Amino acid sequence: MHRTHGRRWILMGALLALMVLVATTATAGTARTTAATGELEVFSWWTGGGEAAGLEKVIAIWKKENPGSTFKNAAVAGGAGTNAKAVLAQRLAANDPPDSFQGHAGAELQDYIKAGQLEPIDTLYKQFGFAKVMPKQLLSQITYQGHIYSVPVNIHRANVLWFNPKVLKQAGIAKAPNSWPQFITALQKAKDAGVIPLALGEQWTQKHLFESVLLATVGQARYAALWKKGANWSNPGVRLALTRFKQVLEFTNTDAASLTWQDASKLVVDGKAAFNIMGDWANGYFTELKKKANVDYGWAASPGTKGTYQWLSDSFTLPKGAPNRAAAIEWLKLLGSKRAQDAFNPVKGSIPARKDANPSLYNAYLKSALRDWKTNRLAGSLTHGVVANNAWNTAIDTALGLFLQSKDVGKFQTGLVTAAKKA
Ligand code: GAL
């Protein structure tokens with residue numbers, strides 16, 4: 001009698017242990033709730049002004065919450081990831097992925113998905129309810145064939161015209177230009193006042209300027225159509241955009257090629273340039289430089305694009321074969337959290353990917369961005385991977401590079417037509 005009782009207890013105990021084991025293994029497969037151990041290697045291109053500081057905020061939380069794990073910051077310098085993406089491609093080809101890497105939501109992310117380099121992370125979304133707190137338009141850009149592949153940390157705006165209010169006043173420019181003719185008039189006034197009218201940096205920043213001019217010239221709907229299959233790039237709208245781009249380049253600094261985006265943006269807050277068209281990471285940089293929004297710098301939608309939010313989003317992935325997969329999952333879980341997004345974004349100069357941010361943490365510029373994101377039409381950024389993948393971007397880079405030498409608008413358009421056909 002006693003013996004049967006004993007056996008029954010042992011059996012029940014074993015069953016309970018099995019259930020606990022099954023439960024913990026299942027959680028480990030999705031997202032663990034315990035702290036990570038071992039090294040976590042995170043790959044990005046955030047090393048420069050404003051950018052590294054944002055990342056450091058998240059690293060600080062990581063270190064505090066995961067004391068048993070070491071963080072390896074594998075960031076490769078160079079704005080817009082120009083160098084980093086090349087290094088990453090080599091590593092992925094050599095089956096040497098980091099535990100998590102930065103990739104833009106949209107066409108750029110799809111490159112990695114289609115190449116079979118990423119794991120879907122739907123379980124993480126289910127477990128932590130990320131899909132409920134992120135905008136649908138953004139979710140659609142990180143979803144492929146019904147599966148989600150990354151955790152977006154932010155939403156950046158590309159079409160921002162930054163200006164120095166004091167310089168504008170001295171040059172007799174009453175307000176930030178809104179239309180193309182107003183822009184040209186303002187640039188001429190700045191030139192006459194002896195400052196750099198439009199600060200510019202290395203080639204990717206010139207493509208960044210170009211996408212703003214293209215959007216302004218053809219409008220949001222036609223801009224969106226240009227990235228669809230079979231789009232007509234030889235139309236007069238594109239031609240006008242290229243002509244305007246050429247025109248506006250005449251108002252830029254001659255040493256652009258040797259300047260980073262930070263160098264170019266800084267010319268504005270230093271009072272040496274009137275305007276700069278750059279993404280709102282410039283707001284992060286200005287904040288780091290202790291410059292005050294609406295005092296040391298002002299902003300507006302880049303001329304002709306008011307009411308459209310040309311957006312992009314930095315997201316992080318779970319590469320197949322990540323050496324420390326468990327830690328990578330913890331990292332992604334942290335990135336999707338409100339506490340990480342509200343620590344990262346006010347410093348990075350972006351609005352959070354989550355809809356439940358605490359607006360009081362964000363400066364005047366970001367408060368305006370939070371409002372605009374809700375009400376504006378959307379257009380995806382070219383330079384930052386939303387509308388065109390890496391190969392198409394590279395083909396456009398080549399056409400642009402040749403144009404910057406020749407200034408031949410016709411040849412540039414032919415180059416863009418060919419690039420679109422190949423894509
Ligand atoms: C973008 C990136 C931003 C910012 C910028 C300049 O591609 O999405 O987060 O880092 O480049 O480097």
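The side chain of Thr217 reaches the backbone oxygen of Val213 at 2.6 Å. This comes from a predicted model. Thr217 sits in helix H10. An α-helix has 3.6 residues a turn, so residues three or four places apart point the same way. Is Thr217 buried or exposed? Thr217 has a relative accessible area of 18%. The limit for buried is under 20%, so Thr217 counts as buried. Its cover can be traced in part through its contacts. Beyond its neighbours within four places in sequence, Thr217 touches Gly237, Leu240, Ala241 and Arg244.

Helix H10 leads on to a sheet. The helix spans residues 203-225 and packs on a sheet that contains E12 and E15, touching both strands. The direction of H10 makes about 110° with that of E12. The sheet itself is open and has four strands, in the order E14-E7-E12-E15. Its pairing is mixed. At the edges stand strand E14 (351-352) and strand E15 (377-380), each pairing on one side only. Inside the sheet, strand E7 (residues 154-157) and strand E12 (residues 308-312) run antiparallel and share two bridges.

His104 stands opposite Asp314 in E13.

That pair brings us to the ligand. There are 14 residues around the ligand. Those that come nearest are Glu51, His104, Asp314, Lys348 and His384. Several polar distances can be read off. A polar side-chain atom of Glu51 lies 2.3 Å from a ligand oxygen. For His384, a side-chain N or O atom is 2.7 Å from an oxygen atom of the ligand. For His156, the distance from a polar side-chain atom to a ligand oxygen is 3.4 Å. How much of the ligand's surface does the protein bury? Taken alone, the ligand exposes 310 Å², and the protein buries 100% of that.

Gly349 follows the helix, and its phi is positive, near 90°.

Strand E8 (residues 160-163) is also well worth a look. Why can both of its faces be called covered? Val160 and Trp162 on one side are buried, as are Leu161 and Phe163 on the other. In a regular strand the side chains alternate between the two faces of the sheet. Four bridges join E8 to strand E11 (residues 298-301), and the two run antiparallel. Trp162 has Trp299 as its bridge partner in E11. E8 also pairs with strand E10 (residues 273-277), antiparallel, over three bridges. There, Phe163 stands opposite Phe275.

Two loops hold backbone exceptions. Most residues other than glycine have a negative phi. Ala80 has a positive phi, near 60°. Ala80 lies in the loop between strand E2 (69-73) and helix H3 (82-93). Ala80 is buried, at 12% relative accessible area. Lys407 likewise has a positive phi, near 60°. Its loop runs between helix H17 (390-406) and helix H18 (409-422). Lys407 is partly exposed, with 33% relative accessibility.

Helix H18 also holds Lys411. Its relative accessibility is 61%. Exposed means over 50%, so Lys411 counts as exposed. Finally, how far apart are the C-alpha atoms of Lys411 and Arg339? They are separated by 49 Å, with the two residues 72 places apart along the chain.

Notes
Residues are numbered from 1 along each chain as its sequence is written. This is a predicted model: local features need pLDDT of at least 70, side-chain atom pairs count only at pLDDT 80 or more; totals for chains, interfaces and linings use all residues. Side-chain values use heavy atoms; hydrogens and water are left out. Two strands pair if DSSP finds at least two bridges between them. Contact means heavy atoms within 4.5 Å. Axes are lines fitted to C-alpha atoms, for helices over the stretch in contact, and angles run from 0 to 180 degrees between N-to-C directions. A residue is near a molecule or strand if one of its heavy atoms lies within 4 Å of it. A polar contact is a pair of N or O atoms within 3.5 Å; within protein, one must be able to donate a hydrogen and the other to accept it, and residues adjacent in sequence count only if both atoms are side-chain atoms. Accessible areas come from the Shrake-Rupley method with a 1.4 Å probe; for residues, only the protein chains shown count as cover. Buried means under 20% relative accessible area, exposed over 50%, partly exposed in between (1.4 Å probe, protein chains only).
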